[in-house]
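Dear colleague,

Please find the structure below for your use. My notes on it come directly after.

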Amino acid sequence: MRMSNMYMPTLREVPAEAEIPSHQLLLRAGMMRKLVSGVYSYLPLGYRVIRKIENIVREEMDRQGAQELLMSAIQPKELWEESGRWSTFGPEMFRLKDRNDREFCLGPTHEEYFTSLIKDEVKSYKQLPLNLYQIQTKYRDEKRPRFGVIRAREFIMKDAYSFDKDEEGMRESYRKMWEAYDRVFTRLKLKFRVVEGDSGAMGGSSSHEFIAMAETGEGVIAYCEACDYAATNEKAKVVYNIESDEAERELERVHTPNVTTIDELQEFFNIEKNRFGKALVYIAKGDPVVVIIPGDRELNETKLINYLGIPEHELVMADENIIEEITNAKKGFTGPIGLKDGVRLIVDSRITRMKNIIVGGNETDYHIKNANYGRDFKGEIAEDLLLVEEGDICPKCGAPLKMDRGIEVGNIFQLGTKYSSSLNAKFLDEDGKEKPFIMGSYGIGVSRTVAAIVEQYHDENGIIWPLVVAPYHVIITVVNSNNEEQSQLGEKLYSELINEGIEVMLDDRNERAGVKFNDRDLIGIPIRITVGKKAGENIVEYSLRKDNEKIEISADKVLEKVKEEFKKEGLKL
Ligand code: ATP
Ligand code: MG
């Protein structure tokens, strides 16, 4: 492609709304543009990257025997009512009506649709296993769209659905998808980890997330170096051993004027944070609940949502008015003793093993010392509501856990029969009995993956595309386009490389050399040929975006060098 003729609107300034490198660079490099919050267009350069990722995904899905099709984004309400997700999906679902007032949604995911597609056509175990996938646009009205295409409201996802006759078959389908994902992200040169994920909202028994490591990632993971345990912080089980054989002391009411936070309380009482019972007040599906956890820990809302068995959007923090109503005290003095009748009290199991803790007094400016579970208060006991922390004990081997951050680029789920049962999708098994399909579902965020690659591959000057996904493989910069020798040699190399099937950009623009060099750094084309002063001697400069080491070579050697680089990257021409 000749750059003189290319739609590549680069920006010199960093767009104000872009907080992280991938968002800034994808906008600056003219790869994408925002329409409205969370809705993006992929411009020519960006779309080439998208298509390359899609093709790798396709190849690896096909290799595992999955078959591609394409479904509609529009789905009728009735389908979602059958699974119950019309209501549980909540405000994240884009909804619309047709001219006859019939209700639809723009698909945020397609479990229901795929299940209904096959249910009348697949009748026998002989037609199983089956794995169908698509690469398609998904819609989610995210609460906080941000980081560009990382958390968008319209995005491209590869979604696959497997149907098996039994659990064993489902586990094999799951293994195959795991392998496909492993190969996809390896081919994309991403540094990633596979971690246990929470499958609460999706239903089903087990799930794993593929996390591309990045400091800017929203995903937090805990992992163990001594064994292979790794999980998202939503999922990670917290081992928090607290046992006390202290004798129970008498309750004591303590005047604590304006002392409300755990930090302030620690200072006031001059005692460790783990001697407090921290109270959090939520509204769950309209009703208040008070949750008590050890004072030195944070609550894991995903675990609370799973414990309560409610959709995520049905859990909100209670405001001060509600807190005052159920405790008769100002915020900061909530505790488990003396709550208003009927208020649901949930305690993390660790609280039941702590002795003589300090809790809010449910009276403004008062706390209570020496509270003991069983003697002074009782509630529902939840095994584990705590958020994992660096240094916590690995639930598998006991070594200390480490924490890291990343971007969830893929997610695989063992669903079991949640959707086939509710949609009444059954097949006839060998024994002549009707059984629901055993399902799995598998997603890759294709557009999010573009950004994940940029997070891992960039420097202060721009993007550094790995060759495998680069919008073009080679860029030829003609330093002075008005110089006949230079433009001719540029043109010659351009056709020579194109004839070999190499994707080439030719910077034939009438711009200053500095502008050309800045642009090529910004858009991150991996292999660079600079045609400059030595064009007359048939000599050009060869360099790679990733290391910037410049060498002078004969123009006759360019093709050979480019082919060498393809070989090094394990790519065929
Ligand atoms: P998240 O936890 O990040 O909200 P999710 O768990 O809801 O994602 P899935 O339902 O598992 O997402 O979707 C499959 C894949 O689609 C994710 O692994 C992710 O890569 C991608 N994805 C999900 N939501 C978005 C979004 N808002 N924008 C871009 N990609 C997304
Ligand atoms: Mg997910």
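This is a predicted model: local features need pLDDT of at least 70, side-chain atom pairs count only at pLDDT 80 or more; totals for chains, interfaces and linings use all residues.

Residues are numbered from 1 along each chain as its sequence is written, chains are lettered from A and ligands numbered from 1 in the order in which they are written, and side-chain values use heavy atoms, with hydrogens and water left out.

Metal site. Glu-408 (OE) and Asn-411 (OD1) coordinate the magnesium ion (ligand 2) at 2.1 to 2.3 Å. Donors here are N, O and S atoms within 2.8 Å of the metal (3.2 Å for Na, K and Ca); water is not among the atoms, so sites may look incomplete. Asn-411 is buried, at 11% relative accessibility, whereas Glu-408 is partly exposed at 27%. Buried means under 20% relative accessible area, exposed over 50%, and partly exposed in between (1.4 Å probe, protein chains only).

Helix pairs. Helices (H or I, at least four residues) and strands (E, at least two) are DSSP runs, numbered from the N terminus. Axes are lines fitted to C-alpha atoms, for helices over the stretch in contact, and angles run from 0 to 180 degrees between N-to-C directions.

Helix α1 (residues 21-28) crosses helix α11 (residues 446-456) at roughly 105°, their axes coming within 8 Å. The two are therefore roughly perpendicular (65 to 115 degrees). Contact (heavy atoms within 4.5 Å) involves Pro-21, Ser-22, Leu-25 and Leu-26 of α1 with Val-450, Ala-451, Val-454 and Glu-455 of α11.

Helix α2 (residues 44-63) packs against helix α6 (residues 167-187) at about 150°, with the axes 9 Å apart. This pair is therefore roughly antiparallel (over 145 degrees). Among the residues in contact are Ile-56 and Arg-63 of α2 and Met-177 and Arg-187 of α6.

Individual residues. Where does Ile-523 lie? Ile-523 is in helix α13 (residues 513-523) and is buried, at 0% relative accessibility. Leaving aside residues up to four places away in sequence, Ile-523 touches Met-8, Thr-10, Ala-29, Met-31, Leu-45, Ile-463, Trp-465, Ile-475 and Met-505. Gly-342, in the loop between α9 (320-327) and β17 (344-348), is exposed, with a relative accessible area of 82%. Its C-alpha atom is separated by 9.3 Å from that of Ile-326, 16 residues apart along the chain.

With kind regards

Notes
Angles under 35 degrees count as roughly parallel, over 145 as roughly antiparallel, 65 to 115 as roughly perpendicular and the rest as oblique.
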